[in-house]
Amino acid sequence: MLTEFQKRKITNLFNIHDLNHDGVLERSDYVEYTRRIGGKRGVGPGSPQYDELLKQFLGFWGMLEHMADRNQDKRVTMREWFACFD
């Protein structure tokens, strides 16, 4: 059972990952992470650095989807996120 403190921290982490603020985590959130970080680093799609960054973010998404997406709809809801940590 998660404590109230843990729930607040986990909610905050979910919100950080939910880049488009639609209340679910999806592959597109991690593609957007790549775009933003790539832009900050001055690298764009097609460059080896960008492709490696995208590979890393999509690898994280794949792991998260496998562990947390209980109904296999290619989305992780807040409820699924909590269940993954609980």
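Which residues make a nonpolar surface patch of about 250 Å²? I started there, keeping in mind that this is a predicted model. The patch is made by Leu13, Ile16 and Phe85.

**Entry: salt bridges.** Next I searched the whole structure for salt bridges and got 6. I looked at some of them in turn.

**Entry: helix 1 again.** Glutamate 4 pairs with lysine 7, and their closest N and O atoms are 3.5 Å apart. Both residues sit in helix 1, 3 residues apart, or about one turn of the helix.

**Entry: helix 2.** Here I found glutamate 32 bridged to arginine 35, with the closest N and O atoms 2.5 Å apart. This pair lies in helix 2 (residues 27-41), and the spacing is 3 residues, about one turn of the helix. Glutamate 32 has a relative accessible area of 21%, so I noted it as partly exposed. Arginine 35, at 47% relative accessibility, is partly exposed as well.

Entry: My last stop was arginine 75, which forms a salt bridge with aspartate 73; the closest N and O atoms are 4.0 Å apart. I have arginine 75 down as partly exposed at 33%, and aspartate 73 is partly exposed at 33% relative accessibility. Through shared partners, salt bridges join Glu26, Asp73 and Arg75 into one network.

How values were computed. Residues are numbered from 1 along each chain as its sequence is written. This is a predicted model: local features need pLDDT of at least 70, side-chain atom pairs count only at pLDDT 80 or more; totals for chains, interfaces and linings use all residues. Side-chain values use heavy atoms; hydrogens and water are left out. Patches are made of residues with over 30% relative accessible area and no salt bridge: like charges are joined within 9 Å, nonpolar side chains (Val, Leu, Ile, Met, Phe, Trp, Tyr) within 5 Å. Accessible areas come from the Shrake-Rupley method with a 1.4 Å probe; for residues, only the protein chains shown count as cover. A salt bridge is a side-chain nitrogen of Lys or Arg within 4 Å of a carboxyl oxygen of Asp or Glu. Helices (H or I, at least four residues) and strands (E, at least two) are DSSP runs, numbered from the N terminus. Buried means under 20% relative accessible area, exposed over 50%, partly exposed in between (1.4 Å probe, protein chains only).
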